[in-house]
Structures are given as C-alpha cells and as structure tokens.
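Subject: Structure handover

Hello,

Here is the structure I promised you. Please open it and keep it on screen while you read my notes below.

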Amino acid sequence: MLSRLTRKFQASTSRRQVRALTMAWYCTGSTNNELIENLFKAGLIKNERVKEAMIGVDRAHYAPSRPYSDSPQPIGHGATISAPHMHGHACEYLIEYLEPGSRVLDIGSGSGYLTHVLANLVTGAPGSQEKGQVIGIDHIPELVALAQSNMNKSEHGRELQVSGQVRLITADGRLGWKENAPYDAIHVGAAAEKLHPVLIEQLRAPGRLFIPVESESNGSALEAGGGQYIWVVDKHADGSVHKEKVFQVSYVPLTDAPQP
Ligand code: SAH
C-alpha cells in the first residue's frame, strides 16, 4: 500500500515523507477546518499560529479538485499546489520570522494559497493595522492572474491585495525582488539548481530562507545520487550566514519561463 502511495504522489522515500504519505489518508477532511484540524492532530502541523493561518484560507479557493485532501494537485502550466502538510512545514520552518509586521517573499507563488497563508501570519487579524507584507512571484503570467483571482474569492484576500499587503508579480524568482528587500523570510516553492546568492543578499539580518535545492551538498557543488532537499539558510544579526540541509522533497523545478 505504501509503495503504491509513494508512486502515486511521486514522492521521495525519506522517512519523514513516507510518514506524511501514510498520514495523508487520515488527514483528508470534508471541510477546510477538518483538514487542518486532522493535520494538527496527526502532528503534521504543530504550531498554533500556523494552524490558525491555514484555517483562515479555504483551500477550495486554490485547489481545483479534492481541496481538502492532503495531497498536491495540478493547477495547469506544469505547476502544482503543494500538499497542505508541506505548506504547514514551510510556515513552521519560517515561523520565528513571520511576526505581524514582517516582510516576506514567496517565490513560485503558483495558486497563491501559501502567499495568502503567509499574509495571514504577517498582517495579523483581518482589519488589523499591521504593516506586514508578502510579495508573491511567479514567472508564468497566467498563474499570477490565477493567484490574484483565487485570492479575490474571499473578502479578506481582496482586501489584502487592495491594501498592497499582498502583491502578486510576474518575474523570474531566481533574482528575488529587490524593490521590497530586505525580507524577514523568503520561501521558494520550486526546486532551485543552487542556493542563489542574490536571495541570501535580499534577506534581512536576521532573516531566514526556505528553499528546495536539487542535489546540492554545500550550496555550490553538485552531489552524486540525485534528489532534492530543503535548505534552511539563516542570516544572523551580525550578517553571518548558516546553511542547513533539512529533509528530502519533490518539487517542480525553478526554471526559465516558457517561451511564448
Ligand atoms: N507554492 C505554490 C507552488 C506552485 S508550483 C503552490 O503551492 O501553489 C511552483 C511554481 O514555481 C510554479 O507556479 C512555477 O510557475 C513557478 N516557477 C518555476 N520557476 C520559476 C521562476 N524562475 N521564477 C518564478 N516562478 C517560477
């Protein structure tokens, strides 16, 4: 059963992911609340603030089919909305840097789901005066338009865009987005070939980058054996940088934009 599931979701075989795949059956809900509560009960989401932020975004506005299942879904243009447990992990790795008022860059924003969850974390409750901001970048204009219309399905999503607390932009995310730098947190939702130095430059000190990287051992040289790993890169208050490879994943690649 497990191997069929593993093939189905094209996941890597890291122990953490196999556990997550097994849990996927149990975590699926019939409503958004039920899905998130099930992920919380299963220990796939541990942080209360992350849980509340995810409860505040209805996945049905972002995932075209089976929105309350703990699995990735195609959204067109070769992109996928990641499984909710992965969105949860990403937020939890970044949580110290996602305070009301923080500034965040979400590269490979795709459906816009995570951009909205991140905005909930940094802007406080709906109607609050917090100045937090999330910039979502995707290099496919149709996906940027999709993310904008997905966010417009809720009043809060519309307000976040009108106030400029969420900006969804068409650009090559490998260059970051200098205009609004530095960022307290940078999330990358597609697998990079390397740890792009410009992203580390655009981090605040202190700040944190969460990025899937193709088979990299030390941020520069390619390692034999393949696979993608999440790297967490911390820029400390004194400007020093610490890089750590944390777990194996399976993301779509961070690439050149398709030619029109
Ligand atoms: N977090 C998104 C993930 C979408 S899949 C979600 O859960 O919905 C990854 C996204 O990265 C795709 O939308 C793809 O278009 C985008 N992408 C790939 N290469 C990119 C690049 N160089 N710059 C910006 N976006 C890129």
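Which strands does helix H5 lie across? Helix H5, residues 84-94, lies across S6, S7, S8 and S9. It runs at about 150° to S7. Strand S8 covers residues 228-235. One caution before you go on: this is a predicted model.

**The whole protein**

The protein has 260 residues, and 54% of them are buried. It holds nine helices and nine strands. Take the contacts between residues at least 6 apart in sequence: 57% of them join residues at least 24 apart. The accessible surface comes to about 11,700 Å². Carbon and sulfur atoms account for 53% of that surface.

**The sheet**

Seven strands form an open sheet. Trace them in the order S5-S4-S3-S6-S7-S8-S9. The pairing is mixed. Strand S5 (166-170) and strand S9 (241-249) are the edges, and each pairs on one side only. From one strand to the next, the twist averages 15°.

Now look at one pair inside the sheet. Strand S6 spans residues 183-188, and strand S7 spans residues 203-214. The two run parallel, joined by four bridges. Find Ala185 there: it stands opposite Arg208 in S7.

**A covered helix**

Is helix H6 mostly covered or mostly uncovered? H6, residues 113-123, is mostly covered, with eleven of its eleven residues buried. Among the buried ones are Tyr113, His116, Asn120 and Thr123. Just after H6 comes Gly124, which takes a positive phi of about 75°.

**The ligand**

There are 23 residues around the ligand. Which of them come nearest? The answer is His87, Ser111, Asp138, Gly173 and Thr255. Strand S2, residues 79-81, gives the largest share of the shell, with three residues.

- An oxygen atom of the ligand lies 2.6 Å from an N or O atom in the side chain of Asp138.
- A nitrogen atom of the ligand lies 2.8 Å from a polar backbone atom of Gly173.
- An oxygen atom of the ligand lies 3.1 Å from a polar backbone atom of Ser82.

How much of the ligand does the protein bury? Taken alone, the ligand exposes 580 Å², and the protein buries 98% of that.

Best wishes

Key. Residues are numbered from 1 along each chain as its sequence is written. This is a predicted model: local features need pLDDT of at least 70, side-chain atom pairs count only at pLDDT 80 or more; totals for chains, interfaces and linings use all residues. Side-chain values use heavy atoms; hydrogens and water are left out. Two strands pair if DSSP finds at least two bridges between them. Axes are lines fitted to C-alpha atoms, for helices over the stretch in contact, and angles run from 0 to 180 degrees between N-to-C directions. Contact means heavy atoms within 4.5 Å. Buried means under 20% relative accessible area, exposed over 50%, partly exposed in between (1.4 Å probe, protein chains only). A residue is near a molecule or strand if one of its heavy atoms lies within 4 Å of it. A polar contact is a pair of N or O atoms within 3.5 Å; within protein, one must be able to donate a hydrogen and the other to accept it, and residues adjacent in sequence count only if both atoms are side-chain atoms. Accessible areas come from the Shrake-Rupley method with a 1.4 Å probe; for residues, only the protein chains shown count as cover.
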